[in-house]
Amino acid sequence: MTALKAGNLDQLGGDVTLPRYNRDDVSVGIFHFGVGGFHRAHQAMYLDELMNDGKALEFGICGVGVMPGDRRMQEVLKAQEGLYTLVLKHPDGRWEARVIGSIVDYLYAPDDPETVIERLAAETTRIVSLTVTEGGYNFHHVTGEFNFDNPDVRHDLDAGATPKTFFGLIIEALSRRREKGIEPFTIMSCDNIQANGDVAKESFVAFARRRDPELGNWINEQVNFPNSMVDRITPVTTDEDREQIRARFGIEDGWPVVCEPFTQWVLEDHFNMGRPAYDEVGVQVVDDVMPYELMKLRLLNASHQALTYFGYLDGYRYAHEVCQDELYADFLLNYMVEEGTPTLAPVPGVDLDDYRRTLIERFANPEIRDTLARLCAESSDRIPKWLLPVIREQLERDGEIKRSAAVVASWARYAEGVDEQGEPIEIVDRMKDELHDIAQRNRDNPLAFIENREVFGDLVDNERFVEAYTEALARLHRQGARATVESVR
């Protein structure tokens with residue numbers, strides 16, 4: 001068994017792909033907030049591919065953690081000198097392993113926020129990238145306004161406060177760059193949010209203007225926030241994954257990453273201080289990412305929501321199990337064709353028929369073992385961004401909504417906290433207590449769940465949506481998930 005460290009790489013077998021570059025030649029040019037599985041399976045992987053070609057060595061990544069849970073990532077990466085194993089799980093059972101070396105440093109901000117700020121403020125920092133989840137941008141899901149009531153945000157806006165949030169750290173660094181006449185870095189969001197760059201800009205500018213209106217205006221005018229679309233199914237790494245990586249490849253890795261073979265990154269070419277040549281390693285660098293982004297959000301992400309609550313209620317626990325069930329596979333495909341796709345603009349260079357079929361195949365990959373529990377998490381952040389826009393657009397165009405409304409009903413039923421076998425459901429959501437309490441009234445008041453205007457806005461006022469939703473919810477209570485899907489597929 002070989003512990004994953006730079007000095008041990010020559011001990012690994014030939015079935016593991018290794019960095020071909022000298023990591024001593026890599027300097028930090030990118031700081032990334034939110035180093036988790038997805039970032040390491042995606043952005044860091046693309047950069048590693050460039051470095052293997054002898055390029056972008058000035059764009060090494062320094063990860064930054066701000067949350068308590070980030071402490072473990074710091075410890076693992078420090079012990080492994082930034083190295084980790086990325087494993088592609090192919091549907092035929094083949095595992096493909098490579099060691100990624102593009103992350104060359106990691107800072108845990110609560111330990112030394114001043115060092116984080118100073119390094120962000122250094123002229124060598126050219127990009128600050130983010131995977132902080134949909135909820136990390138701190139905006140209200142209905143009004144879209146920045147939440148200044150967040151306790152950590154309030155703390156960071158106090159004069160002289162030591163920043164706790166990534167907003168506070170990044171804005172302080174930009175302030176210092178402005179004072180020194182250093183060009184601002186680009187802020188690159190890689191989260192699953194429609195117009196993620198625009199959302200990031202609104203949040204950072206709002207925070208900055210509250211702190212200093214002139215600074216906020218400077219950021220608004222001078223800092224680039226490119227939109228991007230990112231796609232790779234990356235389930236949570238399990239102990240079984242670690243054991244299999246030990247057994248198959250002889251690697252002792254404290255936090256490897258497993259993912260599907262498919263990957264896609266569409267990125268707008270709007271950068272302040274240059275960028276790596278991402279387009280040379282398969283990234284689609286475009287002028288407008290919106291058509292690709294909507295395609296992914298409303299087909300892939302919304303389809304995940306379409307399968308996850310129904311599947312969990314029906315007793316399944318993995319995404320591939322649901323998608324190998326013909327009933328649910330038909331339901332997903334018909335949702336995409338009849339409801340999701342009509343809301344999309346043309347997507348240059350993409351065959352949507354092929355894209356939809358590929359999505360079903362990806363979801364059905366038995367090697368990924370993506371848990372429905374993961375896909376069910378944080379629904380109050382995800383449903384309003386991925387599915388509700390489809391419903392609203394279809395209502396405006398008098399289009400079909402019966403499947404989308406049924407998905408909302410399946411979420412309401414899931415939030416009741418018990419599946420159809422009587423097993424308890426552990427709800428993971430920032431609003432879990434509120435949602436669970438509301439869902440307990442579903443049978444007495446079928447509108448209780450969608451009367452939550454913080455999540456659903458004015459959809460409860462639309463008669464056609466209410467009719468479709470309440471019919472699906474009633475059938476879920478009477479006959480269960482399979483019968484409900486059968487009735488609308």
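This note reviews the cavities, nonpolar cores and salt bridges of a predicted model.

1. Basis. The model is predicted, so local features need pLDDT of at least 70 and side-chain atom pairs count only at pLDDT 80 or more, while totals for chains, interfaces and linings use all residues. Residues are numbered from 1 along each chain as its sequence is written, and side-chain values use heavy atoms, with hydrogens and water left out.

2. Cavities. There are 4 cavities of 30 Å³ or more. A cavity here is a set of points, on a 1 Å grid over the protein atoms alone, where a 1.4 Å probe fits but cannot get out; lining residues have an atom within 4 Å of a point. Points are joined across faces, edges and corners, and a volume is the space filled by probe spheres set on them.

3. The largest cavity. Its volume is about 50 Å³, and its lining consists of I233, H304, A319, H320, R362, F363, N365, I368, R369 and D370. Helices α11 (319-323) and α13 (352-363) each contribute at least two lining residues; helices are DSSP runs (H or I, at least four residues) and strands likewise (E, at least two), numbered from the N terminus.

4. Nonpolar cores. A core is a set of buried Ala, Val, Leu, Ile, Met, Phe, Trp, Tyr and Cys residues joined through side-chain atoms within 4.5 Å; buried means under 20% relative accessible area, exposed over 50%, and partly exposed in between (1.4 Å probe, protein chains only). The largest core has 80 residues, and L307, F310, V408, F449, F465 and Y469 have the most contacts inside it. Helix α10 (residues 290-313) gives the most to this core, namely 13 residues. A second, separate core of 41 residues includes F167, F185, F204 and I219.

5. Salt bridges. The count is 36, a salt bridge being a side-chain nitrogen of Lys or Arg within 4 Å of a carboxyl oxygen of Asp or Glu. D48 and R98 form one at 2.6 Å, N to O. This pair links helix α2 (residues 43-52), which holds D48, to strand β6 (residues 95-100), which holds R98, 50 residues apart. Both D48 and R98 are buried.

6. Partly exposed pairs. R489 and D330 meet in a salt bridge at 3.0 Å, N to O. R489 lies in the segment after α21 (481-488) and D330 in helix α12 (residues 326-340), 159 residues apart. R489 counts as partly exposed because its relative accessibility is 29%, and D330 is likewise partly exposed at 29%.

Technical notes. 1 Å grid on protein atoms, 1.4 Å probe; cavity = no way out; pocket = protein on both sides within 12 Å on 5 of 7 lines; lining within 4 Å.
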